[in-house]
Amino acid sequence: MKPSVVLYKTLPDDLLQRLQNHFTVTQVSDLHPNTVLAHAKAFSEAEGLLGSSETVGPELLEKMPALRATSTISVGYDNFDVDALNARKVLLMHTPTALTETVADTLMALILSSARRVVEVAERVKKGEWTQGIGPDWFGTDVHHKTIGIVGMGRIGLALAQRAHLGFGMPVLYNARRQHKEAEERFNARHCSLDTLLQEADFVCSILPLTDETRHLFGAEQFSKMKKSAIFINAGRGPVVDEQALITALKNGDIHAAGLDVFEQEPLPVSSKLLKMPNVVALPHIGSATHETRYNMAATAVDNLIAALDGKVEKNCVNPQVL
Ligand code: GLV
């Protein structure tokens with residue numbers, strides 16, 4: 001008999017077929033307690049769980065006594081209670097490599113659009129305000145040859161350093177727990193303290209995962225250390241930033257602008273003050289959101305679950321120690 005799996009995300013037809021070739025699949029819309037109750041038998045029998053963007057904690061695990069592996073269609077896994085999974089010896093699989101280049105592209109889009117005011121001026125053109133030759137009130141600031149500061153030098157940080165340094169001639173500073181030899185050798189990146197990075201970078205780019213250590217890492221003190229001309233970019237996780245402190249820093253002119261793909265609360269409430277600020281580019285968490293990359297992530301997540309439930313985990317596992 002095939003193992004049972006609960007799927008809480010829509011998959012492309014061919015990937016759903018691949019999943020169904022290996023498992024008996026119950027598809028649900030989400031992991032809300034009412035949904036779990038409505039499909040109690042499927043949840044109680046499932047050995048695998050596949051999806052993204054839902055909280056997986058002790059309450060859910062209690063309803064899934066047969067669970068052996070969970071596979072998220074994301075690189076980030078802050079919505080999983082890893083301790084609870086470890087205690088139950090449930091594997092957690094993720095997609096650390098599938099989205100690297102696409103998220104680095106998104107970061108460059110945020111950098112370019114914030115510095116050159118792309119969204120703001122395009123809106124003005126649509127409103128019919130381009131009625132004569134443009135003057136300084138339409139100008140932005142240069143990106144090329146400015147200093148980029150990358151906070152979090154993992155795969156995505158490296159791909160961003162490549163674009164910034166080789167494509168835009170930007171000196172690269174980075175802050176990370178460990179030195180990154182490849183970034184230093186290939187892109188002349190300089191490892192430095194967070195304070196030095198905040199003081200020297202023209203673009204401060206956060207690509208950090210959300211952990212107890214990184215929550216609200218960027219607050220009033222950090223924004224006050226940045227250059228007044230600095231542009232703050234965040235495409236990691238929203239709660240790494242104290243959003244209220246960011247709003248105050250932008251309002252007071254402590255920093256020049258921000259390009260944000262992630263927020264403390266997502267979807268970003270329409271009442272957010274960030275949406276009223278012309279110097280903020282706000283994107284709806286599109287870091288990896290291209291057809292190609294989302295397909296590759298879903299395919300990786302399906303293969304990860306097949307490998308995990310088959311006892312053949314070789315990569316993409318957050319907690320291999322539970323094996
Ligand atoms: C996106 O935010 C991801 O974690 O994959």
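A: Let us begin with burial: buried means under 20% relative accessible area, exposed over 50%, and partly exposed in between, using a 1.4 Å probe and protein chains only. Two notes before we look: this is a predicted model, in which local features need pLDDT of at least 70, side-chain atom pairs count only at pLDDT 80 or more, and totals for chains, interfaces and linings use all residues. Residues are numbered from 1 along each chain as its sequence is written, and side-chain values use heavy atoms, leaving out hydrogens and water.

Q: Let me try that on one residue: is Phe 80 buried or exposed?

A: Phe 80 has a relative accessible area of 5%, so Phe 80 is buried. To place it along the chain, you need to know that helices (H or I, at least four residues) and strands (E, at least two) are DSSP runs, numbered from the N terminus. Phe 80 sits in the loop between β4 (69-72) and α5 (82-87).

Q: Which residues does Phe 80 touch?

A: Contact means heavy atoms within 4.5 Å. Not counting residues up to four places away in sequence, Phe 80 touches Tyr 8, Val 56, Thr 70, Thr 72, Leu 85 and Leu 92. Thr 55 shows how the fold brings residues together: Thr 55 and Phe 80 are 25 residues apart in sequence, with their C-alpha atoms 6.0 Å apart in space.

Q: What is a nonpolar core, and which residues touch the most other members of the largest one?

A: A nonpolar core is a set of buried Ala, Val, Leu, Ile, Met, Phe, Trp, Tyr and Cys residues joined through side-chain atoms within 4.5 Å. The largest one here has 57 residues, and Leu 11, Leu 19 and Ile 148 touch the most other members. Helix α13 (residues 291-309) gives the largest share of this core, nine residues. Leaving aside neighbours within four places in sequence, Leu 19 is in contact with several residues, including Val 5, Leu 50, Val 302 and Leu 305.

Q: How do I read the surroundings of the ligand?

A: Look for residues near it, meaning those with a heavy atom within 4 Å. Around the ligand you will find Ser 74, Val 75, Gly 76, Leu 99, Arg 237, His 285 and Met 297. Next, check for polar contacts: pairs of N or O atoms within 3.5 Å; within protein, one must be able to donate a hydrogen and the other to accept it, and residues adjacent in sequence count only if both atoms are side-chain atoms. A polar side-chain atom of Arg 237 is 2.7 Å from an oxygen atom of the ligand. For Val 75, a polar backbone atom lies 2.8 Å from a ligand oxygen, and an N or O atom in the side chain of His 285 is also 2.8 Å from an oxygen atom of the ligand.

Q: Which polar contacts does the side chain of Asp 202 make with Thr 147 and Lys 227?

A: A polar atom of the Asp 202 side chain lies 2.8 Å from the backbone nitrogen of Thr 147. The side chain of Asp 202 also makes a polar contact with the side chain of Lys 227, at 2.9 Å. Asp 202 lies in the loop between α10 (194-200) and β9 (203-206), and counts as buried because its relative accessibility is 14%.

Q: Where is there a cis peptide bond?

A: Look between Glu 266 and Pro 267, which are joined by a cis peptide bond with omega about -5 degrees. Pro 267 is in the loop between β11 (257-260) and β12 (280-282).
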